[in-house]
Structure formats: C-alpha cells, structure tokens
Amino acid sequence: MLCITGNQKAQIELYNRYYHAMYNTSFRIVNNSFEAEDIMQDSFITAFSKLDTLKDKSTFGGWLKRIVINNSIHAFNKNKHLDVSLDHVMYKVEDHQGVDNQTDFTSIKAQQVLETLNHLKPNYKVVLTLNLIEGYDYEEIGDVLNISYANCRTMISRAKNSLRKKLEQLN
C-alpha cells in the first residue's frame with residue numbers, strides 16, 4: 001500500500017473512499033456533527049500512522065471502522081455518563097429475542113426507526129447502534145463498553161424494549 005510510505009495522494013484516495021461512512025458511524029454514537037468530524041479525522045490520522053501494523057491490507061475498512069467506533073465510544077463516555085437508574089438494575093427483565101407478534105413493524109420505515117433511536121437514553125442508543133447498525137455481537141459490545149456479557153445482554157434487551165414501545169406509540 002502506498003499509504004504506508006506516506007504517499008499523500010494514496011491517503012487522500014483512501015480518505016475519500018471511507019470518510020462519509022466513518023463520519024456516519026461516529027455521528028450515530030456521539031450525536032454531534034462537529035465531534036463526529038473531529039473523531040473521524042483523528043481516526044484517519046491514527047490509522048495512517050499505524051498502517052504498518054495492519055497485517056491484511058484488504059481489511060483496512062473494517063480496521064478503520066473499529067478505530068472510529070472505539071474513538072467514538074471513548075468520546076461518548078468522556079462527555080456523558082452512562083446513567084442506568086437503580087430501578088432498572090434492581091428488577092429482572094426477560095430477554096425478548098424477537099418482536100412481539102401483535103405488533104406489525106413491517107410498515108415502519110428505516111428512517112422512522114433511526115429517528116426514534118435518537119430519542120432513547122444515550123446508553124440505549126449506543127448499544128443498539130453497535131448491535132443493530134454496526135453489527136457487533138454482545139461480546140464485542142461488552143469489550144468496547146467495558147461491561148460484562150450479562151450486562152450487555154440486559155442493556156440491549158431493555159434498549160430494544162424501549163425502542164419497541166416508542167415505535168408502538170407512533171403507530
């Protein structure tokens with residue numbers, strides 16, 4: 001890869017190929033345009049400076065996305081405290097794997113779901129973004145957020161339930 005040697009033209013080409021997707025990834029987590037832009041820029045700088053550590057150059061996009069997500073989560077945690085109330089911790093919530101059969105979500109548009117996602121508690125928004133949009137599994141989310149697998153499952157279950165209820169109110 002020419003980027004390893006510091007070829008600016010090659011770096012600009014990679015930047016142009018990935019910047020929009022990386023910005024969107026960061027924005028979905030931090031929910032701030034300026035901060036997402038900064039995170040994206042910093043992530044590219046990190047990626048270009050550590051490009052020689054990447055073993056398989058064909059995985060650059062996934063590797064860069066992981067850097068962006070980690071930087072976004074770090075910024076999110078620095079700026080906001082994940083506040084889960086004691087009431088939520090004290091009662092057991094069943095883990096609903098599927099959607100309630102009585103609710104017809106087929107008519108809900110993706111944009112409506114994304115907009116509703118923005119109205120969830122910040123920690124719920126982050127875990128659902130990582131799980132449903134970015135495709136991270138429970139273990140990966142737990143690692144990124146530094147929470148246990150069980151806490152991650154519970155938080156995602158509650159977040160899905162909260163999202164489901166908000167969507168049902170819209171219909």
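Let us begin with helix α1 (residues 8–30) and helix α6 (residues 122–133), whose axes come within 8 Å and cross at roughly 145 degrees. Axes here are lines fitted to C-alpha atoms, for helices over the stretch in contact, and angles run from 0 to 180 degrees between N-to-C directions. Helices (H or I, at least four residues) and strands (E, at least two) are DSSP runs, numbered from the N terminus. On the α1 side the contact, meaning heavy atoms within 4.5 Å, is made by F27, R28 and I29; α6 contributes K125, V126, T129, L130 and I133. By class, this contact has 5 nonpolar, 1 polar and 2 charged residues, where Ala, Val, Leu, Ile, Met, Phe, Trp, Tyr, Cys and Pro count as nonpolar, Asp, Glu, Lys and Arg as charged, and the others, Gly among them, as polar.

A word on the source. This is a predicted model, in which local features need pLDDT of at least 70 and side-chain atom pairs count only at pLDDT 80 or more, while totals for chains, interfaces and linings use all residues. Residues are numbered from 1 along each chain as its sequence is written, and side-chain values use heavy atoms, with hydrogens and water left out.

As for the chain, there are 8 helices and 0 strands. Of its 171 residues, 36% count as buried; buried means under 20% relative accessible area, exposed over 50%, and partly exposed in between (1.4 Å probe, protein chains only). Among contacts between residues at least 6 apart in sequence, 68% join residues at least 24 apart.

I turn now to helix α2 (residues 33–49). Which residues of α2 are buried? They are A36, I39, M40, S43, F44, A47 and F48. These residues lie on the same side of α2, because they cover an arc of only 165 degrees around the axis, the arc being that of the directions from the helix axis to the C-beta atoms. The buried residues of α2 pack against α1 and α3 (60–79). On the face turned away from the buried side, α2 carries the exposed residues F34, I45 and S49. At the start of α2, a side-chain oxygen of N32 reaches to within 3.0 Å of the backbone nitrogen of F34.

Finally, E140 is found in helix α7 (residues 138–145). E140 counts as partly exposed because its relative accessibility is 33%. Leaving aside neighbours within four places in sequence, E140 is in contact with R66 and G135. The C-alpha atoms of E140 and L130 are separated by 9.1 Å, with the two residues 10 apart along the chain.

Note on methods: A polar contact is a pair of N or O atoms within 3.5 Å; within protein, one must be able to donate a hydrogen and the other to accept it, and residues adjacent in sequence count only if both atoms are side-chain atoms.
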